[in-house]
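Thanks for taking a look at this one with me. Here are a few numbered notes to read beside the model.

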Amino acid sequence: MSPSGSTLLVGEGNLSFSASLSSETETRITATCPQRREDALRHDGAAENMKTIRDSGGLVLFEVDCTRLGQCASLRGCFFDRVVFNFPHCGRKSGVKKNRELLKNFFLSCVQLLSEDGEVHVSLCNGQGGTPADQPKREWHNSWQVAAMAAEAHLILKDVLPFEKEKYQRYKCTGYRSQDKGFHVENGLLHVFTRSLPYSQAEILKVEEAVDGDQVLYNIPAELSDFVFRGFLSSGSVHPVRLVQDFLLKGLAEKWSVSMTTQTVPFLLKAKRLQASGCDVDAADCYWIHLLRKDVISENDTSTDKERDTQETLARLSLDKVDRVSTKGAESLRSACLINMDPEGESGLYMLRPSMLPQMEELLTRKEAFANNAARHGAEERNKESVEVEGHKKGPLGGCNGVPSLFGLSGLVFKNVPVNLWDLPAFHELLLRGVFPSACEPIRLIGQRLETLLAPFGVSLVTEPGGLRMTALQKGLVGKVFANNPSDDVGRVSVTMSLNLDLLSALLFSLPDWRLLWCHDPRFLQQFELRTSPGKPFQPFSLFPEHFSFDISFWTGPTWAERKFHAAIREASHGTVEQVKLMDTFAHPDLSQTSYCYRLIYHSNTHALSHTQALQFHKDLETFLTSRLQATIR
């Protein structure tokens, strides 16, 4: 046990552990005993131990109930860096339920005296804790469920260590069945707990952006409020998403020239622009947005702003030697866009961008217009670089022996998907595009490079018509490579890579849960402060969090918007539901109503989640369904 500024020990018997700690460390000791003074001093060596503690500047208190520490007058106003409870027990032949209750009440009591960054140390006999660290592990119902009891006080299990009795020479364990007899501590385990961050309240965010010449104001849905404006990809960031992007760009830059834009693009996207890009996104997977306000930007302001934005963007891109190939015939790149809409009638519809592809198309269109305008004003030197290769013109990207360029854009995208363990409602997409001579077989070359970079982490590449799919076990699709052969230049091909940086981050750093990427707990990013290289496994700061399962049944009217149900789940549960399963449905033959029964699995690797907290979230969900979706809880 490392030294700490101040330590409170509770449930002491003969005070031998407190005496050993006070004589071997510089810790300020406050030892408390549940017994009266005269009863406690009857233990063998207790009087001598008390003298040792007091001689070292410590304090000994008697008749202190560890489940009511706040009621002890001598402890009021005191805060401790460490609270220690060694081998707690209710006494006599008490069962596991009583000892669980003892642990829960102790945790709820001790956090009142725990400093903000303090630790709670609880030593238990092997098997009692109910965690995988116990060997052999007891059945869950027959254990003390120490992590779950601590979660009731918003504590998370930081570490489990062997109880090193040999370090405390004076320690003599007593109290077994309320006797002056010790517990079997040889294989005991020390459980270390720290505070969890509180759950943050979801809120609707108002965002104002310029979209296609209009200044628009809209709301970000509450269930997405914690995903926006986090700056994971900003310059200097050590977030895993940024580290994985840097890793990929560095690996690709060994073969091709790579340029990333820093241009800020809006979250909002017009539906017609998504359709024009040929993006294979289902309309049901989009977050459709109703504008709160829309103002048309004046033509002079618009032209000036666009010209300035274009020049600034191109200056940052440094892509003077990149030719953009038109994306005509996008149906050969991907499956046809699944958004079946009338471009004229639906041109006013907006959505949160489900892909960065339409905005990449816009940036490249601006670049092409800027380049053409420069050419018309006497930039003939660019054309001098072109030569004839194998009967067709070699453009600025070079031939098979040249070094083609990749243009990159990354940012946050949104998918209105059902709640599932590896289905992400928001994630960071990295798009890279380059134009290659067809003879170079760019799909194969890019696939080989990506395979070299990602295969060691479990990514598999599958060939499909027009490109490649990248998949990983459990996580599913993590990226795509697709190509287009425009009709006006059969000798050249435009190739685009789309990579899910969040899923790749979870894969490359062995994260058990993608939601860790979005946690606010500083203990998460501390592991990446030295720009950790992919391949080093993440060490969880919350060990063995429990799963809680609750069912919910309700009646709905003739129509049922299941995606709104999943949105309500995300908001009400603060993102702690990781799986939703439809258990049963029943359509009433007379009332035009349908009954649904779902099973929800609550689990959190980022916060303390107790049974009490999960149940409260579940009750909040019932309220949401009643008030927002007009469902009737059964």
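1. Nine bridges join β24 to strand β25 (residues 594–602), and the two run antiparallel. Strands here are DSSP runs of E with at least two residues, helices are runs of H or I with at least four, and both are numbered from the N terminus. Two strands pair if DSSP finds at least two bridges between them.

2. A word on the source: this is a predicted model, where local features need pLDDT of at least 70 and side-chain atom pairs count only at pLDDT 80 or more, while totals for chains, interfaces and linings use all residues. Residues are numbered from 1 along each chain as its sequence is written, and side-chain values use heavy atoms, with hydrogens and water left out.

3. Back to the sheet: it is open, with four strands in the order β24-β25-β23-β26 and antiparallel pairing. β24 (577–587) and β26 (632–633) each have a single partner strand, so one side of each is left without a neighbour in the sheet.

4. Now the helices. α6 (residues 240–253) and α11 (residues 501–508) pack with their axes 9 Å apart, at an angle of about 90°; axes are lines fitted to C-alpha atoms, for helices over the stretch in contact, and angles run from 0 to 180 degrees between N-to-C directions. α6 and α11 are therefore roughly perpendicular (65 to 115 degrees; under 35 is roughly parallel, over 145 roughly antiparallel, the rest oblique).
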